[in-house]
Amino acid sequence: MKNEQAKKYGMVIDLDKCTGCGACMVACMAENNVPFKKDETNKLDSITWMRVFQLTNGKSFPETDICYIPRPCMHCEGEHGHSPCVSVCPATATDYSQQTGIVSQIYTRCFGCRYCMAACPYHARYFNWWDPVWPNGMEKYLNPNVSPRMRGVVEKCSFCFHRYQRAMEKAFLEGRRELEEEEYQTACTQACPAGAIVFGDLNNEKHKIHQIVNPDPAHRGRPKNPKAFRLLERLGTNPKVYYLSSREWVRRAGDNYLPHEGSGKGH
Amino acid sequence: MDDALIPKGVKRCPLPEFLMKLGPVVVVLIWGIVAMFMCWFKGLNQTNMNDSYGFALWIWADLTVIALGGGAFFTGLLRYIIGKDKLKNIINFAVLVGFICYSSALLILAIDIGQPLRGWFIFWHANVHSMLTEVAFCLTCYFGVLTIEYLPLVLENRQVDQVSFFHHLSHNMHEVMPIFAATGAFLSFFHQGSLGGVAGVLFGRPFAFREGILIWPWTFFLFTWSAAAYGPCFTIMLAKITEKITKKKLIKDDVYALLAKISGWMMATYIMAKIIDTWYWAVVTAPSKGQGFMEFYSDNAFYGIWILILEIVVGGVIPAAILITRKGRSTPALLMIAVVLAVIGVSVNRWVMVLQVMAVPVLTFEGWPMYYPSWQEVATTLLPVAYGILLVAFSYRYLPVFPQEAELNPIDLESDETAESVTASETADAKLSPAKA
């Protein structure tokens, strides 16, 4: 691995562009063999690695405004890789990679204590309450690169890590150690019809995400771009998913503020 | 029918009556076992837990029984290490209650995990940064200690004691018991604390998160402190209930008074620390994360501010005030009120640190999820209660749990057939030697 600089893969989602179509959710489920129930009305036990929330500014017509906010796993770095979930898992079934910045989930090691779910403020972690059951014939459409999960374990967005592995294998075979930006992209990024999602290496100045977000290494990656923000910045989770919005109320909705505080407090 | 098994110098009801009375408890036990196997074979979809409530009734029950079982380690510490000799008359019962609580906690944990057959991964793939890892190690080790502490009592059964090997084993185990008491106190300090740490380290959950010293949040120390303070109250409460059921005085009042006094002062100091902790969290910690104190208690009547008052004032200040006064702890009714309120107080504290942590939304665009347990969760939570009642009942019937029972309840030899062979000297012998307990 010599000559290889540590990556920090991240995502920026332009909320001004997001239409809330849900293509990212569908692509994610298909790509990652995410199981579903016959009846998905109870969202509290549905598995949605990528979930689109609808926000409103709470005002009445004509000032009402809405915003859709897709929420994958934030792949928090915390402090020195101690993300909220990684530090609490008693069986080391989830790990923070210093090489990629990706928070992994080892399904065959997880024994289903759900402490990581309690620790995650984003509700990005999901428990398999049932064994996955696919409609007849659908098994043929499962992604062979992603193992389906069994009942009783926790799962979450992996930033399509299997795509990273395939891209790296291909690069190695071609005698390269570095990936081009387009060689590793997540399914949701590619599926977004509005081009609202940008994925790449936050450490690589050539990557679009770095140029858009302009992360400040002196402040644990806080965005220098005034339009950019991270969810729950004040908790110190140090997430690698950024959001862009030109609307003040949307940026304010990204974090908790006391009534007398301005939205800039956490940034 | 089973007279030969009953300790000398004490009287027990006939076996059929004893078994009949336990009938309803056995029904609950079977109900719980059925639910337990349903959870194991069908999975945790048998519960009403969900992705917002990943921790629910079971984890609360776990934390609560461990806190209530704290009477075992603290009474052991007072008896064997600090030298409060009078407590030898309640230590057996404290150990029994502790044994029930900790075995129940382990059972609940075994049901609560999604992949029970992988439970050993917590030891094999241990993450040293996780509070739960520390809990698992210390909990298991301490359960081993409690088993060792309970075993001599079992060996003192009249028939078992006749076997020379068991008699000497029991005697030798008593000799080294202070070592196990010290080990138990050491292990308990860490696992009680780690259970507090489980919530306190959640820096993504401002309701639970606390600052602290090095790797230990303040909840680490508060949980240990509260287990030591409230655990003995549970021991006293159960002993009093046992007295009510058996219609016998089993422990002298001065023993209760001593334990109640120590518990009361522990509780008084704990509740002061808890108030300071709550105040600091409310005015410094939570606001630094952007959340105001009342946000945690609003939007949901079930988790209103009343719960904080119930925990701290009703379940903390009031029982502490009763127990630290001589009149309070020596008045049976007041003592009972105090220990019941204390048990409620510590149970509410554990409830808050599990259920309310899950309920309070952190993302601004999420709401308060609601949760109510399924019957399978209720049944499996009652299972340890039923098992505990049975173990207390059988231990009381066949083992010398209460060293003062014979002295406090002298048998009328002429009118009692079962005691016809008991001579005066035997009765004196059978004062269920506390040194053996």
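Predicted model: local features only at pLDDT ≥ 70, side-chain atom pairs only at ≥ 80, totals over all residues.
## A sheet in chain A

In chain A, strand β11 (residues 228-229) and strand β12(A) pair in the antiparallel sense, with two bridges between them.

Strand β1 (residues 9-14) of chain A runs parallel to β12(A), and four bridges join them. Here Met11(A) stands opposite Val241(A), while Asp14(A) has Leu244(A) as its bridge partner.

The open sheet of chain A has four strands, in the order β8-β1-β12-β11, and its pairing is mixed. At the edges stand β8 (197-201) and β11 of chain A; each has a single partner strand, so one side of each is left without a neighbour in the sheet.

## The two faces of β12(A)

In a regular strand, side chains alternate between the two faces of the sheet. Which residues of β12(A) point which way? Val241(A) and Tyr243(A) point one way from this strand (residues 241-244), and Tyr242(A) and Leu244(A) the other way. Buried or exposed? All of these residues are buried.

## Helix α1 of chain B

Now over to chain B, where helix α1 covers residues 15-42. At 1.5 Å a residue, its 28 residues should span 40 Å, and the end C-alpha atoms are 38 Å apart, which agrees. Along the way, α1(B) has a kink of about 45° at Gly23(B), shortly before the proline Pro24(B). Just after the helix comes Gly43(B), with a positive phi of about 100°.

Several residues of α1(B) are buried, including Leu29(B), Gly32(B), Ala35(B) and Cys39(B). What covers the buried residues of this helix? Among the elements that do so are α4 (88-112) and α14 (375-398) of chain B.

## Where the chains meet

How many residues of chain B are in contact with chain A? There are 41 in chain B, and they are in contact with 43 residues of chain A. On the chain B side, the elements that give two or more residues are α5 (121-124), α6 (131-155) and α13 (332-359). Of these, α6(B) gives the most, with three residues.

Key:
Residues numbered from 1 in each chain as written. Chains lettered and ligands numbered in written order. Buried ≥ 20, exposed ≤ 12 C-beta atoms within 10 Å, placed from the backbone. Pairing = 2+ DSSP bridges. Expected span 1.5 Å × (residues − 1). Bend = angle between axes of the 7 residues up to and from the residue. Contact = placed C-beta atoms within 7 Å.
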